[in-house]
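I opened my notebook for a first walk through this structure. Come along, and I will jot down each thing I looked up.

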Amino acid sequence: APIPDGINDPGEAGNRKMHEINKKLDKAILKPASHAYGVVTKGPISRGVENFANNLSLPGMVLNDLLQFKLGAALQNTARFAMNSTFGLGGLIDVATQNKLTVRPTDFGETLYVWGFPEGRFVELPVFGANTERSAVGLAVDFVINPTNLLSKAQRNIGTTAKILKKAGDRDKYTGLVDSVLYGSEDSYAQSRLL
């Protein structure tokens, strides 16, 4: 798909309102909660949760690799999932990276790009923040087609909790960068849209 040369944001007024709601949500809940999580789980615990959540994302990436006809990436992500799931205690330890088997990240938004779908308009999603229409559709489809949805309800709940905790850890880890965009820039909406 062609790469756009300008900003496609016809819904800017509504997007700005959602951006302000997201900022208030971040300031009141997400930032303090993620900081508390970071303080309590600093070190091996947060690393283990992050590794586990990352490992659970791999089956969905493999499916997207196949949809993009990237067989090498599919094999690499499959090998990574198998290695971390068996030798890494279900993914708590990232033995694949220790053995130079890196992740080949992808998602359905990238699959849509490979298939030729245009980026679409800019959209500010509740909680998820800045996106394009293509990446927003990708988020929704990734949630639905992820093979881990076939697990039992209890296993899915553990996986969902791990992914939420990983996001909290990410918010804490990158707090300087996020705060500089959201609270340190003159126009945080324009800055996040640009990024």
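**Helix 7 and helix 8**

I began with helix 7 and helix 8, which are roughly perpendicular to each other (a label for angles of 65 to 115 degrees, whereas under 35 is roughly parallel, over 145 roughly antiparallel and the rest oblique). Helix 7 covers residues 153-173 and helix 8 covers residues 175-182, and they pack at an angle of about 75° with axes 5 Å apart. Here an axis is a line fitted to C-alpha atoms, for helices over the stretch in contact, and the angle, from 0 to 180 degrees, is taken between N-to-C directions. Helices are DSSP runs of H or I with at least four residues, strands are runs of E with at least two, and both are numbered from the N terminus.

I then listed who meets whom: R171, D172 and K173 of helix 7 touch T175, V178 and D179 of helix 8. Contact means heavy atoms within 4.5 Å. By class, I noted one nonpolar, one polar and four charged residues in this contact. Ala, Val, Leu, Ile, Met, Phe, Trp, Tyr, Cys and Pro count as nonpolar, Asp, Glu, Lys and Arg as charged, and the others, Gly among them, as polar.

**A note on the model**

This is a predicted model, in which local features need pLDDT of at least 70 and side-chain atom pairs count only at pLDDT 80 or more, while totals for chains, interfaces and linings use all residues. Residues are numbered from 1 along each chain as its sequence is written, and side-chain values use heavy atoms, with hydrogens and water left out.

**Helix 2 against helix 7**

Next I asked at what angle the axes of helix 2 and helix 7 cross. They cross at roughly 120° and come within 8 Å. That makes helix 2 oblique to helix 7. The crossing of helix 2 past helix 7 is left-handed, meaning that the near helix is turned anticlockwise from the far one by less than a right angle, while clockwise would be right-handed. On the helix 2 side I wrote down V49, E50, F52, A53, N54, L56 and S57, and on the helix 7 side I158, G159, A162, K163, L165, K166, D170 and K173. I sorted this contact into seven nonpolar, three polar and five charged residues.

While there, I looked up T160, which sits in helix 7. T160 is partly exposed, at 43% relative accessibility (buried is under 20% relative accessible area, exposed is over 50% and partly exposed is in between, with a 1.4 Å probe and protein chains only). T160 and L56 are 104 residues apart in sequence, and their C-alpha atoms are 9.4 Å apart in space.

**Helix 2 against helix 3**

Helix 2 (residues 44-67) also packs with helix 3 (residues 71-86), at an angle of about 160° and with axes 8 Å apart. The two are therefore roughly antiparallel to each other. Helix 2 passes helix 3 in a left-handed crossing. Among the residues making this contact I noted L58, P59 and V62 of helix 2, with N77, R80 and F81 of helix 3. The whole contact has nine nonpolar, five polar and two charged residues.

I stopped at L58 of helix 2. Is L58 buried or exposed? L58 is buried, with a relative accessible area of 2%. Setting aside neighbours within four places in sequence, L58 touches N77, R80, F81 and V103.

**S34 in helix 1**

S34 belongs to helix 1, residues 12-40. S34 is buried too, at 3% relative accessible area. Neighbours within four places in sequence aside, its contacts are A168, R171 and D172.

**The hairpin**

Strand 1 (residues 122-125) and strand 2 (residues 129-132) run antiparallel and are joined by four bridges; strands pair if DSSP finds at least two bridges between them. I found E124 opposite A130 of strand 2. Three residues lie between the strands of this hairpin, and V127 in the turn has a positive phi of about 65°. I reminded myself that most residues other than glycine have a negative phi.

**Two loop residues**

L89, in the loop between helix 3 and helix 4 (95-98), has a positive phi near 55°. L89 counts as exposed, at 58% relative accessibility. K100 lies in the loop between helix 4 and helix 5 (108-114), and its phi is positive at about 60° although K100 is not a glycine. K100 is exposed, with a relative accessible area of 74%.
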